[in-house]
Amino acid sequence: AAAAPAEKEDSFEQELRKANEEMIRENYAQALRSFNTLTTNFAHEPLAHLGRARILELLSKKERSNQRLWEAIDAYKRYLAFGELVISDQEFTSAGESCIENLRFLGHHRQATNIHELLIERLPKDPRLRNQLSLTHLMVNNLQQVEKVALETLKQWPTNTVAQLHYGLALRQLRGDYVKALPYLKYAVESQEEGTQEAFFYLSLGETLQRLSRQSEALDVYKKGVAKGFFASLYQRSLYNEPRLKAQSFWQSKETGYERQLEKLQLHWRAIRDEGMALLGKSGYFEDEAEQLRDQGVWQQFELYAQGRRVKDNCRRTPITCSLLQEFSESSGCRRGQVKFSVMQAKTHVWPHCGPTNCRLRAHLTLVAPEPEKTSLRVAEQERTWREGELFIFDDSFEHEVWHNGTQARLVLILDMWHPELTPTQRRSLPPI
Ligand code: LMR
Ligand code: MN
């Protein structure tokens, strides 16, 4: 009986080696069975749980199964629960980071923050772990938390570029404080350090420079972004792109293949206008643009379709418009866009910006535009204006900027449409934006 524990140890080592070999040989099903047995028979052995986590993670990728991924997360948590007595710092963080990556992938950022806290608690002297936490907050646009975490990190590590970057982003988005945000963003991005080289960061720095009237410096940033493969071109800076799609700032209706549908909408522009105008006359329907794209002025929207889905309550108030759109599924069903009324009051300026994706084209059906010579839309290097009853199409993944220097409101119907070169499969499977 005295010899039993040692034997059991030996057999654990042996079984573990076998299971790992099966995993390496990509015999995943057998490896999972082995690790399941190991965690049952040797529940007190951390490496049994770690191995099981790894194999479940591999299987989840192979089978594209979220269920499996949750099982992997669970196994990682069991492993982490063994704590510092039995697991080295290195193994602990590596498992924690995998667990976090999986939770982020599943969109459970709140749960991920618990794992972050665990890692930070164990290794309070590692700023990287704190930056990972603020990145998780950044991913879900939880800017208050980004600011809080980054600021605390900077107190201890004032020159940490990733913390500076996150703090700068929070200052910009949360407070609209471009002056204060700029040095943080600039220093961090220019450092080229790990964790600072992402398309989104280049875009944020460039836009901040543009808002401070430092256009030529912004262009330099965008040029670097193109060279690094972050942006399709100097002007086309969308972040969610499909490759090889035709890219030009303005499109002719006949180039889109949607000519017939667009003509029909245009034919009914007065009815559409009247429905939009009726809502404008009442308060509480149009909502302020909320992405901090406005320099000054008033710019509001009333959404009919979002991410390919009908906004029911709104469509009830504009039945003619929506029944027309219902026949135009390449627009109303476009999961990477919206259909909306857009009203812009006089004395409005919208900062240069790019839409999020190259997968859509954006049509404007002009409904009310009494002062065409006082308004302007610039897309890349071309400018045009709105004329009642007319329709134009542009690609809003290209940088665009809007001015309204007149005295009366301008109203348009904005319709996003799937980029005509996207295949039916792409239209079905691309994640919504
Ligand atoms: C935009 O898409 O950013 C603008 O053109 C919208 C608008 O109402 O002009
Ligand atoms: Mn826009």
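**The ligand shell and its surroundings in a predicted model**

Ligand 1 is surrounded by Trp299, Ser342, His353, Arg362, His364, Trp386, Phe394, His400, Val402, Arg410 and Ile414, where a residue counts as near a molecule if one of its heavy atoms lies within 4 Å of it. This is a predicted model, in which local features need pLDDT of at least 70, side-chain atom pairs count only at pLDDT 80 or more, and totals for chains, interfaces and linings use all residues. Residues are numbered from 1 along each chain as its sequence is written, chains are lettered from A and ligands numbered from 1 in the order in which they are written, and side-chain values use heavy atoms, with hydrogens and water left out.

Sorted by class, the shell around ligand 1 comprises five nonpolar, four polar and two charged residues; here Ala, Val, Leu, Ile, Met, Phe, Trp, Tyr, Cys and Pro count as nonpolar, Asp, Glu, Lys and Arg as charged, and the others, Gly among them, as polar. An N or O atom in the side chain of Ser342 is 2.5 Å from an oxygen atom of ligand 1. For the side chain of Arg410 the corresponding distance to a ligand oxygen is 2.7 Å, and for that of Trp299 it is 3.2 Å. On its own, ligand 1 has 260 Å² of accessible area, of which the protein covers 99%; such areas come from the Shrake-Rupley method with a 1.4 Å probe, and for residues only the protein chains shown count as cover. Two or more residues of the shell are given by each of the elements β8 (360-368), β12 (400-404) and β13 (410-418). Helices (H or I, at least four residues) and strands (E, at least two) are DSSP runs, numbered from the N terminus.

Strand β12 also contains His404. At 1% relative accessibility, His404 is buried, the term meaning under 20% relative accessible area, with exposed meaning over 50% and partly exposed in between (1.4 Å probe, protein chains only). The side chain of His404 reaches the backbone oxygen of Gln408 at 2.6 Å, and one of its polar atoms lies 3.1 Å from the backbone nitrogen of Gly406.

The chain as a whole has 19 helices and 13 strands, and 50% of its 433 residues count as buried. Its C-alpha trace spans about 95 × 50 × 40 Å along the principal axes. One of the buried residues is Ile115, with a relative accessible area of 5%, found in helix α6 (residues 109-122). Ile115 and Cys99 are 16 residues apart in sequence, and their C-alpha atoms are 7.6 Å apart in space.

Charged side chains form 25 salt bridges in the structure, each being a side-chain nitrogen of Lys or Arg within 4 Å of a carboxyl oxygen of Asp or Glu. Arg316 and Asp313 meet in one of them, at 3.4 Å from N to O. Both residues lie in helix α16 (residues 312-317), three residues apart, about one turn of the helix. Arg316 is exposed at 60% relative accessibility, whereas Asp313 is partly exposed at 48%. Another salt bridge joins Glu63 and Arg68, with the closest N and O atoms 3.3 Å apart. A network of salt bridges links Arg237, Arg378, Glu399 and Glu401.

A nonpolar surface patch of about 280 Å² is made by Phe200, Leu239 and Tyr240. Patches are made of residues with over 30% relative accessible area and no salt bridge; like charges are joined within 9 Å, and nonpolar side chains (Val, Leu, Ile, Met, Phe, Trp, Tyr) within 5 Å. Phe200 lies in helix α11 (residues 199-211) and is partly exposed, at 38% relative accessibility.

Two loop residues conclude the description. Most residues other than glycine have a negative phi. Asn141, however, has a positive phi near 60 degrees; this residue is in the loop between α7 (127-139) and α8 (143-156) and is exposed, at 53% relative accessible area. Gln192 likewise has a positive phi of about 60 degrees. Gln192 is placed in the loop between α10 (178-191) and α11 and counts as partly exposed at 46%.

Methods:
A polar contact is a pair of N or O atoms within 3.5 Å; within protein, one must be able to donate a hydrogen and the other to accept it, and residues adjacent in sequence count only if both atoms are side-chain atoms.
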